[in-house]
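Hello,

Here is the structure I promised you. Please open it before you read my notes below.

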Amino acid sequence: MDSTAWIVLGTLAALAMLVAAAVLLVRVFKARRLLIDAGIPLHNKALFWAAVAYTISPVDLLPDPIYLDDIGVLLVALKMLHSAAHKAGIGTGERRTPTA
């Protein structure tokens with residue numbers, strides 16, 4: 001393969017990772033909406049903001065054309081937010097009421 005084909009393949013791979021990161025970021029924001037004022041612990045809300053800050057931050061573990069680290073952080077945040085929502089009974093048809 002010549003260098004033009006490698007550049008095109010690299011660009012397509014970077015675009016695919018960027019789209020995946022954007023989709024996951026949107027899903028994290030949607031999961032956060034479920035948790036607003038639902039009695040979810042502060043560390044879960046802080047995890048949301050940490051994932052968003054890491055995703056948009058120019059400082060990454062891997063250079064920005066490679067979005068695998070951003071995708072990983074967003075996947076962890078999404079899993080933790082869904083776990084917190086499940087524990088609170090949000091989205092499962094039942095809702096826990098906070099105890100005094």
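Start at Gly89. Just after helix H3, Gly89 takes a positive phi of about 80°. Helices here are DSSP runs of H or I with at least four residues, strands are runs of E with at least two, and both are numbered from the N terminus.

Some ground rules come next. This is a predicted model, where local features need pLDDT of at least 70, side-chain atom pairs count only at pLDDT 80 or more, and totals for chains, interfaces and linings use all residues. Residues are numbered from 1 along each chain as its sequence is written, and side-chain values use heavy atoms, leaving out hydrogens and water.

**The overall fold**

The protein chain has three helices and zero strands. Along the sequence, the pattern is α-α-α. Of its 100 residues, 28% count as buried. Buried means under 20% relative accessible area, exposed means over 50%, and partly exposed lies in between (1.4 Å probe, protein chains only). Now take the contacts with a separation of 6 or more: residues 24 or more positions apart account for 59% of them. Contact means heavy atoms within 4.5 Å.

**Helix H3**

H3 has 21 residues. From first C-alpha to last, H3 reaches 30 Å, close to the 30 Å expected at 1.5 Å a residue. That expected span is 1.5 Å times one less than the number of residues. Buried residues in H3 include Ile71, Leu74, Leu78 and Leu81. Asp69 and Asp70 are also buried.

**The core**

Which residues touch the most other members of the largest nonpolar core? They are Leu24, Val28, Phe48, Ile71, Leu74, Leu78 and Leu81, out of 15 residues in that core. Helices H1 (3–35), H2 (42–56) and H3 (68–88) each give two or more residues to this core. The largest share, six residues, comes from H1. A nonpolar core is a set of buried Ala, Val, Leu, Ile, Met, Phe, Trp, Tyr and Cys residues joined through side-chain atoms within 4.5 Å. Leaving aside neighbours within four places in sequence, Val28 is in contact with Phe48, Leu74, Leu78 and Leu81.

Arg32 lies in helix H1. Arg32 counts as partly exposed because its relative accessibility is 27%. Beyond its neighbours within four places in sequence, Arg32 is in contact with Phe48, Trp49 and Leu81. Arg32 and Phe48 are 16 residues apart along the chain, yet their C-alpha atoms are separated by 7.2 Å. Lys45 is found in helix H2. Lys45 and Arg32 are 13 residues apart in sequence and 7.6 Å apart in space, C-alpha to C-alpha. Is Lys45 buried or partly exposed? Lys45 is partly exposed, because its relative accessible area is 29%.

**The surface**

The accessible surface of the protein chain comes to about 6,900 Å². Carbon and sulfur atoms hold 70% of that surface. Areas come from the Shrake-Rupley method with a 1.4 Å probe; for residues, only the protein chains shown count as cover. Finally, find Trp6 in helix H1. Trp6 counts as exposed because its relative accessibility is 53%.

Best wishes
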